[in-house]
Amino acid sequence: MSGLILGLSILFSILSGSYVTELEGNIRVGGIFSNVNTAGYICYTSIVFAYFQYLKNRRKISFLLIFFLFVCLILTGSRASLLALGVTFVFYNIRFILNKKIIIATIVLLISSLVGGFLYKDTLSNALRLNRGLSARDVLYNTAIEIFKDHPNLGIGLGNLKVIGSEYINKVEVSNWRKEHLLEIGIQSSHNAFLETAVEIGIYGSFVFILIILLIGRKYFLSIKVNKLNFKKNYCYLFWGFWAGIFIRSFFESNGIINRGWITVDIYFWVMFVLFLKFDQLVKFNKNLDEKNIYNSRERG
C-alpha cells in the first residue's frame with residue numbers, strides 16, 4: 001500500500017509539474033518524498049513484496065502493480081535501487097538449471113543489450129547519468145575514510161557527520177563549485193552504509209553492523225538448502241535475492257537496513273525479515289484459510 005501511495009504521488013507530481021529536471025534533461029520525481037533515492041528504494045522493496053504476494057496468491061494483478069512500481073522507480077532516477085532490483089532478479093533466478101533454452105535466451109538478451117547500448121548509447125548515458133560517474137560520491141567516500149582514520153575506535157558519534165564532514169570537505173582538493181555544492185546540501189550521509197557506520201560509531205560498531213547483515217544473509221541462504229519443497233524454495237530464493245540487492249545497494253546508499261533517523265525507510269528490510277522468520281506460520285495460515293474457503297463454497301453449493 002505504501003508503494004502504491006508513493007507511486008500515485010509520483011504520477012501526481014509529474015502531472016502538476018512538481019519535479020526536478022537535471023542538467024541532462026532527465027526528470028527525477030520523489031512524490032511525497034523529498035529524497036528521490038529514498039522514493040526509489042521504497043519502489044524497489046514494494047516491487048519485491050508485490051512479487052511475494054504473487055507467489056502467495058498467483059493473482060495476475062500483482063504483475064500490473066509490479067509494472068506500475070517499476071515505471072515509478074525509473075521516474076525516481078535512483079540508480080542504486082535499479083541496481084538492487086537487477087541483483088535481486090539475478091539471485092532469484094540462480095535456482096534454474098542451465099539448459100539450452102536458458103543459454104539461448106541469455107545469449108539473445110546479451111546481444112540485444114549490446115546492440116541497443118551501441119545504438120542508443122547517448123540516450124542511455126544521459127538516462128543513467130554516466131557522465132557524472134558516482135555523482136560526487138567519490139568525494140564523500142574519501143571524506144569518510146579520512147574521518148575514520150582520525151577517529152577509528154569509537155567514531156565521531158551518531159549524527160555528527162553533517163558538522164564534522166563539512167570541516168573535512170573544505171580540505172578536499174576539488175573544484176570550488178563542486179565543493180560549494182556539497183557544502184550547500186550538507187554532508188548528512190556518506191552514501192555508503194559501511195563507511196558511514198564506521199565513521200559514526202567506529203570499527204567496533206561497524207563490525208557488529210556487518211555481522212548482523214551477514215548473519216541474516218546466511219540465514220536466508222541456508223533456508224534454501226533446508227527447504228526441499230519447490231514452492232518454499234521460491235520464497236527462500238526471493239528473500240535471498242532481496243538481501244543481496246540491498247547488500248549491494250548499501251555500497252551506494254547509507255539507509256535501508258539500520259540508519260539513525262531513517263526508520264520509515266529501514267523498516268521495509270525488517271518487514272521482509274519478519275515474514276521470512278514467520279514463513280511457516282504464514283503458509284499454514286493460508287493453507288487453513290484455503291481449506292475453509294473450499295469448505296464454505298461446498299456448503300453453499
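Trainee: What confidence does the predictor assign to the protein?

Mentor: The mean pLDDT of the protein is 79, and 71% of its residues reach 70 or more. Among the elements, helix α3 (residues 61-76) has the highest mean, 92, whereas helix α6 (residues 121-127) has the lowest, 54. Where pLDDT is low, the predicted coordinates should not be read in detail.

Trainee: Which residues of α10 and α12 meet?

Mentor: On α10 they are I212, I216, K219, Y220 and S223; on α12 they are F269, W270, M272, F273, F276 and L277. By class, this contact has nine nonpolar residues, one polar and one charged. Lys counts as charged, which means that K219 is the charged residue.

Trainee: How many aromatic pairs does a search of the whole structure find?

Mentor: The search finds 25 aromatic pairs. One of them is formed by F49 and F52.

Trainee: What makes the pair of F49 and F52 stacked?

Mentor: The ring centres of F49 and F52 are 5.8 Å apart, which is within the 6.5 Å required of a pair. Their planes stand at 25°, under the limit of 30 degrees, so the pair is stacked. Both residues lie in helix α2 (residues 36-57), three residues apart, about one turn of the helix.

Note on methods:
Residues numbered from 1 in each chain as written. Predicted model: local features only at pLDDT ≥ 70, side-chain atom pairs only at ≥ 80, totals over all residues. Heavy atoms only, no water. Contact = heavy atoms within 4.5 Å. Helix = DSSP H or I, 4+ residues; strand = E, 2+ residues; numbered from the N terminus. pLDDT = per-residue confidence, 0-100. Phe/Tyr/Trp six-rings, centres within 6.5 Å; stacked < 30°, edge-to-face > 60°.
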